[in-house]
Amino acid sequence: IAGWTTSFTISGATIANSWSGTLTSSGSTFTVKNTAWNGAIASGQSTTYGFVASGTASNGTVAVTCTAS
């Protein structure tokens, strides 16, 4: 793939900073897109990103969707 985008919703949380991805938000929905250096992923490879969040998000699993481009 040449690029990727992930999306997830965390109600009650604020993300202060992130790394290894370009973060945008709209309300409680967050989107992370690849950066210039980690967009191309070959078969069998993977990449990661991270962020620091604060707030009162509910406990439990957060569903993350991933789209290749």
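Trp4 is buried, with a relative accessible area of 3%; buried means under 20% relative accessible area, exposed over 50%, and partly exposed in between (1.4 Å probe, protein chains only). The model is predicted, so local features need pLDDT of at least 70, side-chain atom pairs count only at pLDDT 80 or more, and totals for chains, interfaces and linings use all residues. Residues are numbered from 1 along each chain as its sequence is written, and side-chain values use heavy atoms, with hydrogens and water left out.

**Aromatic pairs**

Rings of Phe, Tyr and Trp (its six-membered ring) pair if their centres lie within 6.5 Å; planes under 30 degrees apart count as stacked, over 60 as edge-to-face and the rest as tilted. By this rule there are three aromatic pairs. Two of them are set out here.

| Pair | Centre to centre | Angle between planes | Class |
|---|---|---|---|
| Trp4 and Tyr49 | 5.8 Å | 15° | stacked |
| Phe8 and Phe51 | 5.5 Å | 15° | stacked |

Trp4 lies in strand β1 (residues 4-9) and Tyr49 in the loop between β4 (29-33) and β5 (50-55), so their pair ties together parts that are 45 residues apart in sequence. Strands here are DSSP runs (E, at least two residues), numbered from the N terminus. Tyr49 is partly exposed, at 25% relative accessibility.

Phe8 also lies in β1, while Phe51 lies in β5, so this pair ties together parts that are 43 residues apart in sequence. Phe8 is buried at 4% relative accessible area, whereas Phe51 is partly exposed at 31%. Ring pairs link Phe8 and Phe51 with Phe30 into a cluster.

**Strand β1 and its partners**

Two strands pair if DSSP finds at least two bridges between them. With strand β6 (residues 64-68), β1 pairs in the antiparallel sense over five bridges, and Thr5 stands opposite Thr67 of β6. With β4, β1 also pairs in the antiparallel sense over five bridges. Phe30 in β4 is the bridge partner of Phe8.

**The nonpolar core**

A nonpolar core is a set of buried Ala, Val, Leu, Ile, Met, Phe, Trp, Tyr and Cys residues joined through side-chain atoms within 4.5 Å. The largest one has eight residues: Trp4, Phe8, Ile10, Ala13, Ile15, Phe30, Val32 and Ile41. At least two residues of this core come from each of β1, β2 (13-19) and β4. Apart from its neighbours within four places in sequence, Ala13 is in contact (heavy atoms within 4.5 Å) with Phe30, Ser54, Gly55 and Ala57.

**Asn38 in the loop**

Asn38 lies in the loop between β4 and β5 and is buried, with a relative accessible area of 4%. A polar atom of the Asn38 side chain lies 2.9 Å from the backbone oxygen of Ser20, and the side chain also reaches the backbone nitrogen of Thr35 at 2.8 Å. Leaving aside neighbours within four places in sequence, Asn38 is in contact with Trp4, Ser20, Thr47 and Thr48. The C-alpha atoms of Asn38 and Thr48 are separated by 8.9 Å, and the two residues are ten residues apart along the chain.

Methods: Helix = DSSP H or I, 4+ residues; strand = E, 2+ residues; numbered from the N terminus. Polar contact = N/O pair within 3.5 Å; in protein donor to acceptor, adjacent residues only side chain to side chain.
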